[in-house]
Amino acid sequence: MEQRLKSHVIEVQHLAVEFQLGRRHGTLLKQKLGNLFSQKVKPPKVEHIRALSNVSFKLSEGRALGVIGANGAGKSTLLKTLAGIIPPKSGNVFVRGKVVPLINLGAGFNPELTGRENIFLAGAIHRIPKKVMETKVREIVRFSEIERFIDTPVKYYSSGMMVRLGFAIATDIDPDILLVDEIFAAGDAFFRRKCETRMRKLVGKARAMVMVSHSMPLIQDLCHEVLVLHRGKVVYHGKPRNAVQYYLENCGDSGKL
Amino acid sequence: MAPLRSSYLKLLKNSAMLLAWLCMVMIWKLREVYQYREVIWNFVTQDLRVRYQRSILGMLWTLIKPALMLLILTLVFGLLFRRNFQHFVVYLGSGLLAWLFFADAANSGSGAIIHRGSTYLTRVYLPKAVFPFVTTAAALVNFFFSLVALIILMIFLRHNFTIWLIVLPLAITCLALFGMGVSLWLACLTVYLRDLEHLTDVLLRAWFYLTPIIYPIDMIPEKHRYLFYFNPMFHILHLFQTSLYYGRPPDTMCLIAAPLISAFVFLTGAAVFFWREREFVFLV
C-alpha cells in the first residue's frame, strides 16, 4: 500500500472545475440598492461553464506527462488546479512534493523591483530559504544572460528578458514537480535551444513533470505519456505518438469530436 | 426536566466540538501564513521602499507625514484645549499615532486582495491571508517609527514618564490585533462589495471625530460618556493615552475590554476570511 502511494506523485480523481461567465467582479452597491427600490434592475444572470469535467489520471515518479488540446480545452486550467491556484469544484487532486509552476513566466514579478530583488521574491514565494537563494543567484543570472540589467527594475525589461529570467529562476529552484505551460513562445531560437537542453536535464532530475504545449515535436520528444483534452474532458491518454496522431485527426474542425 | 437538560448538554457538546474544530482549522491556516513569513517580509520592505522611491526625502516621509499632521492639529485644536493640558502635543500624539496606524491598516487592508492580491492570486500559490498581513505589517512598521519619534519628542519636552509605561506593550498588541482583524474583515468583504474600499476612507474620518483623540474624554458630560464605551478604539486609545501622557493606571474596564474586543475582531475576521478565501481567485 505504502509503495503504491509513494509511486504516484500526482493523482487526480474525477476533477471538475467551474467558472462563472459574465459577472466576474463582486456586486456593486449600486446594484444591491437598485434592487431595494425597484424590481426592474436584476443582477446579470450568472452562467457557469465547466472548464474541466471528470478528469482522472495518475502520474508515477520520474515520468513526464504532456497535455495537448485545442484552445480552450482546459489545459492551462488543469495546470493551475495542480498548482493549487484554482480550487476544484469537485473531485480530488493529490500532489506530493514541491510544485513549481512555469505558468506565465515572470508573472510573479513585481515590476517595481529589480531583477535581483525579484529573484529573492520568487525564492520566498517557493519557500526557499534566503541563504540557499544567495548561492543560486549567480547561476540564475548567468543562465538568463542578463547580467547588465539585473539591477534594473523589471518594468523596463523586454518580454524576452522577462522570460529568460523567469525560466532561469523556475528551473533553478530544484522543483519536485514541474508544471510547464507553453513557455518557449518568447525568447529567441538560441535561448530556446538552451531551455530545451535544460528541460531535458530537469525531466531526469524532477520527480515528475506536466507540460502543456502546442509544439508536437517538443511534446513527443520530452514526454513519456500524453493526455488529450477536448472541451474539458480527457479523450485520450497514452503513448505520445498515438496521442498526437489522435489529436490531429479528431480534435480539429473536421474531426469527429 | 431530564430530557431538556440532556438536549442542552448535547447542544453544549456539539458547539464545543464545532469550536474545537474551528480552532484547529484556524491554527493550521495561521501556521501556513507563518511559513510564508519571508514572502510577507519581502512584500513589506517593498511596500515601504516603493512607496517613497521617487521622492527626495524618501523613507523620511513616514516620519514627516504624522509629524506634520500632529503639528497642524496641535495648531488648530491646541488653542481650544490648551487649558486642559500641560503638553497638548503629547496628548494628541499618544492617541493620533495609534489612530493613524489603524486608519492606514484599514484603508490598505480593504484593497489588499483586490489590488496586490489579484496580480498574484491567479498566478502563483500563496496563502491568501498573506496580503492583509502585509498591509498591516507595513502600517505597523510605520507606526513604530513614529512612536519612537514621539517618545524622543517627549524626552525633549521633559515629560515625566511613570511606571505605567508598562501598559504600552499591551496597548500595542491590542492595537495590532484589532487593526489586523479589521483588515481581514475588510479585505474579504471588499471582494464581494467593491464600494467598501471607498466607503472605508469616509467612515474612518467620521470615526476619528467620534473617538477622543483631539479632545479629552473629560469634556464629555458624565451622563453621555457611556456612548463612547461602544467604540472599540476608545478602549485601545485609552491605554495609550494613560500610559504615555497621563502616566496613571488605565480604567479597569478599558484594560479588560481592549484585549477582549481586539481578540474577538481578529478571530472573527480570520474565520470569515478563511471561510471565503477559496472563492477569491474567481472574483478578483
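**Touring two interfaces**

Select chain A and chain B together: the interface between chain A and chain B of this predicted model contains zero salt bridges by the rule applied. Polar contacts are found there, in five residue pairs, both partners at pLDDT 80 or more.

Next, show the residues in contact. Chain A contributes 33 residues and chain B contributes 28 residues. About 2,700 Å² is buried between chain A and chain B, with 54% of that area from carbon and sulfur atoms. Now pick out A:Ile85, A:Ile125 and A:Arg127, which supply 21% of the area chain A buries against chain B, more than any other three residues.

Stay on chain A and colour strand E1 (8–21) and helix H4 (115–125), the elements that give two or more residues to the side touching chain B. H4(A) gives the largest share, five residues. By class, this side of chain A has 18 nonpolar, seven polar and eight charged residues.

Move to chain B and select domain 1 (1–35), then domain 2 (40–283), as given by the domain assignment. Their C-alpha centres lie 32 Å apart. In the contact between these domains, domain 1 of chain B places five residues and domain 2 of chain B eleven.

The two domains of chain B bury about 730 Å² between them, 79% of it from carbon and sulfur atoms. On the domain 1 side, select B:Met26, B:Lys29 and B:Val33, which lose the most area to domain 2, together 66% of what that side buries.

Finish on B:Lys29 and B:Glu277. These residues form a salt bridge, with the closest N and O atoms 2.6 Å apart.

Technical notes:
Residues numbered from 1 in each chain as written. Chains lettered and ligands numbered in written order. Predicted model: local features only at pLDDT ≥ 70, side-chain atom pairs only at ≥ 80, totals over all residues. Heavy atoms only, no water. Contact = heavy atoms within 4.5 Å. Buried area = accessible area lost by both parts, 1.4 Å probe. Salt bridge = Lys/Arg side-chain N within 4 Å of Asp/Glu carboxyl O. Polar contact = N/O pair within 3.5 Å; in protein donor to acceptor, adjacent residues only side chain to side chain. Helix = DSSP H or I, 4+ residues; strand = E, 2+ residues; numbered from the N terminus. Nonpolar A, V, L, I, M, F, W, Y, C, P; charged D, E, K, R; others polar. Domains from an automatic or database assignment.
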